[in-house]
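Here are some notes to read beside the model.

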Amino acid sequence: MATTANEGIRSSGRDALSVELNGINTIAEGERKGAPRSLFWPWFAANVSVLGIGYGSFILGFGISFWQATLVGVIGIVVSFVLCGIIALAGKRGSAPTMILSRASFGVRGNALPSVISWMLTVGWETALTALAVLATSTVFRELGWQGGVATQIVALVVVAGLIVVAGVIGFDLIMRLQVWITIITGVLTVVYIVLAVPHINLATVGALPAGAGQAVIGALVFVMTGFGLGWVNAAADYSRYLPRGSRSSSVIGWTAFGASVAPVILVVFGLLLAGSSASLSKAIGADPIGALTTILPTWFLVPFALVAVLGLVGGAVLDIYSSGLALLSAGIKIPRFAAAGIDGVVMIAGAIYVVFFAPSFIAPFEAFLVTLGVPIAAWCGVLVADIVLRRKDYSEADLYDHRGRYGDVRWLSIGLVVVGTVIGWGMITNTFGVPEWLNWQGYLLGPVGLGGRSGPWAYANLGVLIALLIGFFGILLFGRGAIRRQEEQPIERARVEERA
C-alpha cells in the first residue's frame, strides 16, 4: 500500500527538538522505548491544571451537597480515566495512534466518521484551554494593577498559543520531556496555592449545603466524566504506542489511570470546599474559572499563580493539539503530521479569539460543547472498549492501512451503534448552564419516554451520555464477538513502513 509523507518514519535517537516525522504509521520496533510508568508524566501534567479547582463550582452548580459532589467527583474522574487506560492498552498492542487502532472496530474507511468527531473534540478542548490561559493571565495582570486590557490579552494569546503550537509541531519527544517539567513546576506551585487558600474555607458553610435529588447527582456525574476521562479517550493510545509490546498490560492501564486521576481528584475536592464556602466566588468562577481564583491570593503569589495556571493549561493543550493532528490525518487528510498540528493551531487560535473577546461567558459554551460532543464520543468509546476487551491478540499492522484487509472497509455494526447511540443520547441531554439557542433541539426524547420533558426532573441528568456509552459497549459485546474472532483467526502480519512505501 502506498504511503504518504506523514506516514514516514524517522530513525531512533533523535533529540527533543527534532521534528517528529512519525504520523499515523505504526512505530518501528527500534523506536519502541520506555516503560508503562513513563505514562504517568504526560497524563499527570495534562490534568494538574488548576481548572480542576474550578470544577468544584461547576459540580455544585447542579444543586447537590458537598458529600454528594465529592462522591460524584471521585467516581467520575477515576472511572472515566480507567476507560482511558483500557484504550491506552490498544496503543501498546498496535503501536499506532488511537484513531488508527479504531479502524479495527469501524473499518479502514468507515473510521473517518469517529476520526472527524475526535478532531472536533480535541480542537475544542485545546481552544478552551488556550482561552482559559489568556483569561487567567489577563485577570492576574488586573489584580496587579496593570490595566493592559485588550493589549494584555493579545500578548497572552500570542505567547500561550505559540508554546502550544510549537510543542505540537515538534512532537512526541519534546512533549514527553516538557510534561515532566510541567508536572514538577505545577505540582509544587499548586500545593502552595492550596496552602494559601485554605483559610478561605468555611467548613460550616460547606456542610450546610443541601442535598440534591438523584437526577442532579447523575447529571453532575455525567458532567465530570465528560469533562475528564471522556474528554481524553480519543487520544489515550497516542502516548502508549511507543511502548515495547512486552510491556505489562495492567501497568499500562494502571499508570495511565493513576497519572491522570490523582491530581484532578485532589483539586476537585479542594475546589468543592472553596466554592461551597463562598457563593460569590462560585459565581465568579463561571465567568473566569481560573482568574477568579486569584481574588483570594496575596499579591506576591499572583505571578507564580499565573505561571502554574498557564503551564497547567498548556500541559493539557499540547496533548490535545498533538492528538488532534493525528485525528485529522486518520480521517484521510494527506499532509505531514507537523503540518496537521499547524492547521489545528490556526483553528485553535480562531476559537480562542471568539471565547476571549466575544463570548458573554465561558461556562455556557463550554458545558454545551462537552455534553454535545460527549454523546458520540461516549458511544465510540463504548464500542472501542468492548472491542479491546474482547481481543486476545495484537493488531495486524498492515491491515490497519488496507481497506481490503481483515478489518474491512466499513464495519456497519460499529457505525450503526454510534449513530443510534448519538440519536438517542442527544434526545436525552440538555444543558445545566443554559444551552445556546442553536442547541435547543436537544432533549427531544425526555417527554416521549416519560422523563418529564425539557423542564422535568430528569432534564439536567444528561442520561444521554451514559446511554450512548452503554449502547456502544453492549452492542459490541452482544453482536460483535464473532467478527473479532474471525479477524483473530488469521495470522498476524507485521507491517513495516518501508515495505508499504
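**Notes on helix packing and the interior**

1. Start with helix α2. It is largely enclosed by the rest of the structure, because 10 of its 10 residues are buried. The buried residues are L51, G52, I53, G54, Y55, G56, S57, F58, I59 and L60. Keep in mind that this is a predicted model.

2. Helix α2 (residues 51-60) packs on helix α11 (residues 249-277). The angle is about 55°, and the axes are 6 Å apart. The crossing of α2 past α11 is right-handed.

3. Which residues make this contact? On the α2 side they are G52, I53, Y55, G56, S57, I59 and L60. On the α11 side they are L267, V268, F270, G271, L272, L274, A275 and G276. By class, the contact of α2 with α11 holds 10 nonpolar residues, five polar ones and no charged ones.

4. A second pair to inspect is helix α7 (residues 149-170) with helix α13 (residues 302-330). Their axes come within 9 Å and cross at roughly 40°. This makes α7 oblique to α13. Here too the crossing is right-handed, with α7 passing α13.

5. The α7 side of that contact consists of V160, L163, I164, V165, A167 and G168. From α13 come V310, V314, A317, V318, I321 and Y322. The class count for the contact of α7 with α13 is 11 nonpolar, one polar and no charged.

6. Now the interior. In soluble globular proteins, nonpolar side chains tend to be buried together. The largest nonpolar core in this model has 139 residues. Which residues have the most contacts inside that core? They are Y55, Y193 and F305. Y55 also belongs to the α2 side of the contact with α11.

7. Setting aside neighbours within four places in sequence, F305 is in contact with V50, V140, Y193, I290, L293, T294 and L297.

8. Next, two backbone angles to check. Most residues other than glycine have a negative phi. S95 has a positive phi, near 55°, and is not a glycine. S95 sits in the loop between α3 (66-94) and α4 (98-101). Is S95 buried or exposed? S95 counts as buried, because its relative accessibility is 0% and the cut-off for buried is under 20%.

9. N462 is the other residue on this list. Its phi is positive, about 50°, although N462 is not a glycine. Where is N462 found? It is in the loop between α16 (412-426) and α17 (463-479). At 0% relative accessibility, N462 also counts as buried.

10. Last, I27. This residue is in the segment before α1 (40-47). Its relative accessibility is 1%, so I27 counts as buried. How far is its C-alpha atom from that of V383? The two C-alpha atoms are separated by 24 Å, and the residues are 356 apart along the chain.

Definitions and conventions. Residues numbered from 1 in each chain as written. Predicted model: local features only at pLDDT ≥ 70, side-chain atom pairs only at ≥ 80, totals over all residues. Heavy atoms only, no water. Axes fitted to C-alpha atoms, helices over the stretch in contact; angles between N-to-C directions. Helix = DSSP H or I, 4+ residues; strand = E, 2+ residues; numbered from the N terminus. Left-handed = near helix turned anticlockwise from the far one by under 90°. Contact = heavy atoms within 4.5 Å. Nonpolar A, V, L, I, M, F, W, Y, C, P; charged D, E, K, R; others polar. Buried < 20%, exposed > 50% of the residue type's maximum accessible area, 1.4 Å probe, protein only. Parallel < 35°, antiparallel > 145°, perpendicular 65-115°, else oblique. Core = buried A, V, L, I, M, F, W, Y, C linked by side-chain atoms within 4.5 Å.
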